[in-house]
Amino acid sequence: MLVFFILWLLILVAAWDKENEISFWSILLVFSVLIGFRSLTVGVDVRAYYQMFHGIGRSGYHGYPEPLYGI
């Protein structure tokens with residue numbers, strides 16, 4: 001958790017520095033990759049959303065859990 005907090009702080013600091021835009025985008029890319037490759041066991045609701053995502057892919061969207069999730 002400390003790693004994510006440090007990365008968040010780095011993104012915040014890099015966002016204020018308008019001259020060094022490369023560092024902002026590179027830190028944002030690293031943060032996105034870390035979030036994208038997380039395991040199904042990270043949170044208590046990740047497995048439920050994983051199953052909903054694949055259920056929508058197999059049988060289509062039926063109004064649950066929210067309209068934007070179906071898109």
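A nonpolar surface patch is formed by L2, F5, I6, W8, L9, L10, L12 and W16, with about 860 Å² of accessible area together. Patch members have over 30% relative accessible area and no salt bridge, with like charges joined within 9 Å and nonpolar side chains (Val, Leu, Ile, Met, Phe, Trp, Tyr) within 5 Å. A salt bridge puts a side-chain nitrogen of Lys or Arg within 4 Å of a carboxyl oxygen of Asp or Glu. Accessible areas follow the Shrake-Rupley method with a 1.4 Å probe, and for residues only the protein chains shown count as cover.

The model is predicted: local features need pLDDT of at least 70, side-chain atom pairs count only at pLDDT 80 or more, and totals for chains, interfaces and linings use all residues. Residues are numbered from 1 along each chain as its sequence is written, and side-chain values use heavy atoms, leaving out hydrogens and water.

**Helices**
- The chain has four helices and zero strands (DSSP runs numbered from the N terminus: H or I of at least four residues for helices, E of at least two for strands).
- F5 sits in helix α1, residues 2-16, and A14 lies in helix α1 too.

- F5 is partly exposed because its relative accessible area is 45%, while A14 counts as buried at 8% (buried is under 20%, exposed over 50%, partly exposed in between, with a 1.4 Å probe and protein chains only).
- Leaving aside residues up to four places away in sequence, A14 touches S23, F24 and I27 (contact means heavy atoms within 4.5 Å).
- A14 and F24 are ten residues apart in sequence, and their C-alpha atoms are 5.0 Å apart.

**Whole chain**
- Buried residues make up 14% of the 71 residues.
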